[in-house]
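Please look through the sequence and the fold below before reading on. The paragraphs after them are meant to be read with the model open.

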Amino acid sequence: MEKRLSRCAGLILCFLFCPYLSAQPHPFWDKTNLYLHATNAAAQTADALTTQRFLRAGHDELNPLARPFVTRGWKGQVVASYGLGVGGTLLLSYVFHRKGWHRLEPAAPILVASSSGLAAGMNL
């Protein structure tokens with residue numbers, strides 16, 4: 001219970017003070033963002049391919065958010081991987097950009113690509 005409270009407090013403090021941490025303004029589609037979002041899409045693709053192979057082998061999806069989608073085959077996998085994993089990350093990163101929180105902007109694709117890459121590696 002204490003860990004949850006400390007995490008929530010940390011997130012609240014982060015969102016309160018992030019405007020004061022902003023880096024220099026830049027165009028959204030600069031080289032860094034292109035690289036990060038392309039890496040995220042590649043990690044989502046690797047995770048999608050290995051997840052469907054893993055499910056066909058009789059294993060279960062461990063991610064409770066993706067489970068209702070990926071158990072429905074490739075159509076659900078595309079919704080989970082590209083709709084939520086890539087689209088949601090792009091949206092969150094763009095919101096950070098528009099708010100002027102340029103230091104938080106790369107965090108979304110880095111975190112999502114890291115977790116998807118790790119999941120793809122675990123599925124092998």
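What follows is a walk through some of the helices and a surface patch.

This is a predicted model, in which local features need pLDDT of at least 70 and side-chain atom pairs count only at pLDDT 80 or more, while totals for chains, interfaces and linings use all residues. Residues are numbered from 1 along each chain as its sequence is written, and side-chain values use heavy atoms, with hydrogens and water left out.

Helix 2 covers residues 31-56, where helices (H or I, at least four residues) are DSSP runs numbered from the N terminus. At 1.5 Å a residue, its 26 residues should span 38 Å, and the end C-alpha atoms are 38 Å apart, which agrees; the expected span is 1.5 Å times one less than the number of residues. The buried residues of helix 2 include N33, L36, H37, N40, Q44, A48 and L55, buried meaning under 20% relative accessible area, exposed over 50%, and partly exposed in between (1.4 Å probe, protein chains only). These buried residues pack against helix 3 (67-70), helix 4 (74-99) and helix 5 (107-123), with contact taken as heavy atoms within 4.5 Å. Just after helix 2, G58 takes a positive phi of about 100°.

Within helix 4 one can follow S81, which is buried with a relative accessible area of 2%. Leaving aside residues up to four places away in sequence, S81 touches Q44, A48 and V86; of these, Q44 and A48 are among the buried residues of helix 2. Y82, also placed in helix 4, is partly exposed, with a relative accessible area of 33%. Together with L49, W74 and V78, Y82 makes a nonpolar surface patch of about 370 Å², to which helix 4 gives the most, with three residues. Accessible areas come from the Shrake-Rupley method with a 1.4 Å probe.

In helix 5, the residues A108, P109, A113, S116, A120 and N123 are buried. They cover an arc of only 105° around the axis, which puts them on the same side of helix 5, the arc being that of the directions from the helix axis to the C-beta atoms. On the other side of helix 5, L111, L118 and M122 are exposed, whereas the buried residues of helix 5 pack against helix 2 and helix 4.

How values were computed: Helices (H or I, at least four residues) and strands (E, at least two) are DSSP runs, numbered from the N terminus. Patches are made of residues with over 30% relative accessible area and no salt bridge: like charges are joined within 9 Å, nonpolar side chains (Val, Leu, Ile, Met, Phe, Trp, Tyr) within 5 Å. A salt bridge is a side-chain nitrogen of Lys or Arg within 4 Å of a carboxyl oxygen of Asp or Glu.
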